[in-house]
Amino acid sequence: MTGADSHLFDAPGPRAVRRTIIGSGVAAVFAVALIVYVLMELSAKGQLSAAKWSPFLKYDLIKFLLHGLAYTAGAAVVSLGLALVLGIALGVGRLTRTAIIRMPCVAIVELGRGLPVLLSMLFLFLAFPLAFHIDLPAFWTVVLALVLYNGAVIAEIVRAGVLTLPKGQREAAFAIGLTGTQTMRLVLLPQALRIMLPSLISQLVVLIKDSALGFIVGYQELTAQAQSAALLFNNPLQTYVVVGVVYILVNSVLSEASTYLGERQKRTLSQKVVTAGDAVTIESR
Amino acid sequence: MPDSLIVLDKVNKWFGGLHALRDINLSVKAGEVVVVAGPSGSGKSTMCRTINRLETIDNGTIFVNGEPLPAEGRELAKLRSEVAMVFQQFNLFSHLNILDNVALGPMKVRRQPKAEAHQQARDLLVRVGIGDQAEKYPAQLSGGQQQRAAIARALAMRPKAILFDEPTSALDPEMVNEVLEVMTQLARDGMTMLVVTHEMGFARRVAHRVVFMDTGQIVEEAPPEAFFTNPQTERARDFLGKILK
Ligand SMILES: Nc1ncnc2c1ncn2[C@@H]1O[C@H](COP(=O)(O)OP(=O)(O)O)[C@@H](O)[C@H]1O
Ligand SMILES: [Mg+2]
């Protein structure tokens, strides 16, 4: 049992333990039976055959899928960078007292959060060439749609981050003569961004998954590449399983990183006392 | 009142229906140390905070250096840098080390070069007795050290006056004196100070004048010796009875 569970529940007594064991046993039997059944059916239909799975050992297919992964990563990283810029601008904009700045920011945030990423992609794909007489490259169609949605989400994270800071931070900044803008830039934002770091990494997971929608507009990211490869080798099921595993692996690494950063942040203050104390004694020697 | 650095003239403030400051008249001369005492909720913090406009007032006028308080913008920011403030909760910037806490204002408000601002910050930290803590972060310091760092941060702006709002109330008892000593030294050096505090020993030794507030009013104003030995109002006697027992 993990630490989190033991905080939520009483330690189980003997009867609860017995019930848990029996319950788990029954569930396990059903699960195994289901898996065996599915595998038998798949096998009967030739889905577990070497012909279906061996292509994944071929250099060309691996390279083809890695190309997709690189495109996925590219769109995700560029989108995160731009979404961060947009999110900070919108988040700070929403916190200003000037209605002329605040209102448009509110509008964009609501639009970005409300509109499905898929729809923004299609809209950009269809409307951009009509409006500007050039095609928007697939990469930018994907990135802009992702930036709109994630920028809006990050704007809300930024706003919440700034609002959770103690109000004394703002007052102390004012009291030494910083202007409102300086206070935001030098005192509030740096602290809010630190608090936000784990949420930002979680947002990267969302971005990576949403980038899969890029195949709709012909962006050759991982899911699109999987679709093409599956046609070629006539093994769609197998390809999607492999690609699904890749997504899960990448995203769970990122989730772990975000949890780790969150935990470290909680410990930082107490840890810093020790490390800096050491540093000082070393220095003064 | 040409020689008064800070003047409050018939100042009133309401929080909704609560009349938090009632016709406050107060003037503080350059070099003067004024202690503000009074029961909790009597408006001491509010009065203090109106002077650098962390709270706005509803009517009356506040003058600093003969000029009415600017309402906004660079002028207000400039005024705030000239009237420094030390808070009960220290309010050091938690993402900056102590040196940067002290040097931030001079660099960003006064546009001092970094080397100069850092040198001044180090000197000030030595002056408040924490010269060896410069590289640490606020959370690594004791309350007393944090408050002394906050005083150094205030001094770094070379203010004309410093407002203290219960600077020792959040401290463990054994750390109160180290902060009071720094404040006493500042007073000796001629700093103009408005100090909200319950430290009556400090008031006796250091203040030129004690201002007693109750329910948003200044009820009594006297030199410390006279105030402590011979309070004129029932409310002040009551208060002193509670606090000095
Ligand atoms: N921001 C605020 N909003 C509403 N009421 C406030 C606010 N700040 C202070 N008050 C009220 O104003 C009165 C004076 O408060 P304060 O100046 O903090 O008193 P003191 O510092 O003497 O304890 C109190 O009744 C307090 O509850
Ligand atoms: Mg108070």
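Start by selecting helix α1 of chain B, residues 44-51, which gives the most to the shell around ligand 1, with three residues. Keep in mind throughout that this is a predicted model.

Now show the rest of that shell. The residues around ligand 1 are B:F15, B:L18, B:P39, B:S40, B:G41, B:S42, B:G43, B:K44, B:S45 and B:T46. Coloured by residue class, the shell around ligand 1 shows three nonpolar residues, six polar ones and one charged one.

Next, pick out individual atoms at the ligand. Select B:T46 and look at its side chain: an N or O atom there is 2.5 Å from an oxygen atom of ligand 1. Then turn to the backbone of B:G41, where a polar atom is 2.7 Å from an oxygen atom of ligand 1. Move on to B:S42, which has a polar backbone atom 3.2 Å from an oxygen atom of ligand 1. With a surface drawn on ligand 1, note that the ligand taken alone exposes 560 Å², and that the protein buries 59% of that.

Leave the ligand and display both protein chains. The contact between chain A and chain B takes 22 residues from chain A and 28 residues from chain B. About 2,200 Å² is buried between chain A and chain B, with 64% of it on carbon and sulfur atoms. Select A:E171, A:A175 and A:I176 together: they supply 26% of the area that chain A buries against chain B, more than any other three residues.

Finish with the side of chain A that touches chain B. Select α8 (167-175), α9 (180-210) and α11 (236-284) of chain A, the elements that give two or more residues to this side. Helix α8 of chain A gives the most, with seven residues. By residue class, the side of chain A that touches chain B divides into 13 nonpolar, six polar and three charged residues.

Definitions and conventions:
Residues numbered from 1 in each chain as written. Chains lettered and ligands numbered in written order. Predicted model: local features only at pLDDT ≥ 70, side-chain atom pairs only at ≥ 80, totals over all residues. Heavy atoms only, no water. Near = heavy atom within 4 Å. Polar contact = N/O pair within 3.5 Å; in protein donor to acceptor, adjacent residues only side chain to side chain. Areas by Shrake-Rupley, 256 points an atom, 1.4 Å probe, with all protein chains shown as cover. Helix = DSSP H or I, 4+ residues; strand = E, 2+ residues; numbered from the N terminus. Nonpolar A, V, L, I, M, F, W, Y, C, P; charged D, E, K, R; others polar. Contact = heavy atoms within 4.5 Å. Buried area = accessible area lost by both parts, 1.4 Å probe.
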